[in-house]
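Here is a briefing on charged side-chain pairs. Please look over the sequence and structure first.

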Amino acid sequence: MSNRNAGPPADRGSNHDDPRTDVNGRIQDTIGRALQAHYQALVLEPIPDRLIDLLAELEAGALSDE
Amino acid sequence: MSNPSARPDTAAPSVTNSFRTGLLAEIPHLRAFAASLCGSLTLADDLVQETLLKAWANAGSFMAGTNLRAWLFTILRNSYYTHHRRYGREIADTDGLHAAQVAVQANQEFHMDLLDFRRALLALPLEQREALIMVGAMGLSHEEAALICDVAAGTIKSRVSRGRARLAGLLGLASCDLPEMGETAPHRTSPLAAR
């Protein structure tokens with residue numbers, strides 16, 4: 001996973017001495033964190049049994065005709 | 001996946017233990033990616049189920065040692081674009097994404113709720129959304145995302161850039177006394193991004 005400073009160079013100014021670039025950087029940083037929070041929250045959702053069971057059935061060859 | 005002649009009559013002989021373990025380990029990421037595409041965990045689970053079935057049936061065409069997640073994402077994405085997109089487009093809200101009003105850990109200036117963020121994310125064009133998820137949320141390189149989407153890396157870069165600008169606009173982050181922060185702000189020709 002990327003860290004919070006990761007981002008394409010084209011849309012992240014690296015010159016934080018320029019206050020305008022700095023604000024832009026913090027906006028992009030906020031969006032980056034929100035994207036990661038959104039994704040991580042979904043990754044942590046409990047996996048439904050039907051998906052686990054599906055793999056078990058596949059393994060048992062029950063669906064090998066698929 | 002693209003080589004039908006490599007497909008065995010029954011997948012089982014080519015399914016190795018590590019392949020099966022790999023599938024299991026990727027389920028959370030497949031669900032998160034699918035839910036980000038279609039906006040619903042319920043639909044996401046249908047997509048993941050379809051992806052697992054296809055992956056199992058085509059296990060013989062997966063090259064061991066290559067990137068299993070990218071391979072699975074490609075299958076999932078193709079399934080979504082083939083059959084599921086029309087359902088996804090009918091989802092107007094963040095059905096099933098269970099986003100209570102959880103504040104995103106941001107900085108002092110910009111506060112937002114996860115639910116608000118998800119609404120904005122789902123309002124983006126699909127191609128910008130998937131690029132942002134792969135690059136911005138998962139940390140894939142532009143090249144990896146480009147392989148999954150079957151486009152040039154520069155296209156991914158441009159989608160990420162436009163998606164970020166659009167999100168900033170939708171979330172009201174761009175309006176704070178920054179006239180330059182319009183649709184085109186994080187573009188490389190912008191004075192803000194020109195370093």
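**Salt bridges in the model**

The count comes to 10 salt bridges over all chains (a side-chain nitrogen of Lys or Arg within 4 Å of a carboxyl oxygen of Asp or Glu). This is a predicted model: local features need pLDDT of at least 70, side-chain atom pairs count only at pLDDT 80 or more, and totals for chains, interfaces and linings use all residues. Side-chain values use heavy atoms, without hydrogens and water, residues are numbered from 1 along each chain as its sequence is written, and chains are lettered from A in the order in which they are written.

**Between chains**

- B:Arg20 and A:Glu59 form a salt bridge, 2.1 Å from N to O.
- B:Arg20 lies in helix α1 (residues 17–38) of chain B and A:Glu59 in helix α2 (residues 49–60) of chain A, so the pair joins two chains. Helices are DSSP runs (H or I, at least four residues), numbered from the N terminus.
- B:Arg20 is partly exposed at 22% relative accessibility; A:Glu59 is partly exposed too, at 43%. Buried means under 20% relative accessible area, exposed over 50%, partly exposed in between (1.4 Å probe, protein chains only).

**Within chain B**

- B:Asp116 pairs with B:Arg119 at 3.8 Å, N to O. They sit three residues apart in helix α4 (residues 114–123), about one helical turn.
- B:Asp116 is partly exposed at 35%, and B:Arg119 is partly exposed at 42%.
- B:Glu127 and B:Arg159 meet in a salt bridge at 3.4 Å, N to O. This pair links distant parts of the chain, helix α5 (residues 126–137) and helix α7 (residues 153–170), 32 residues apart.
- B:Glu127 is partly exposed at 35%, whereas B:Arg159 is buried at 10%.
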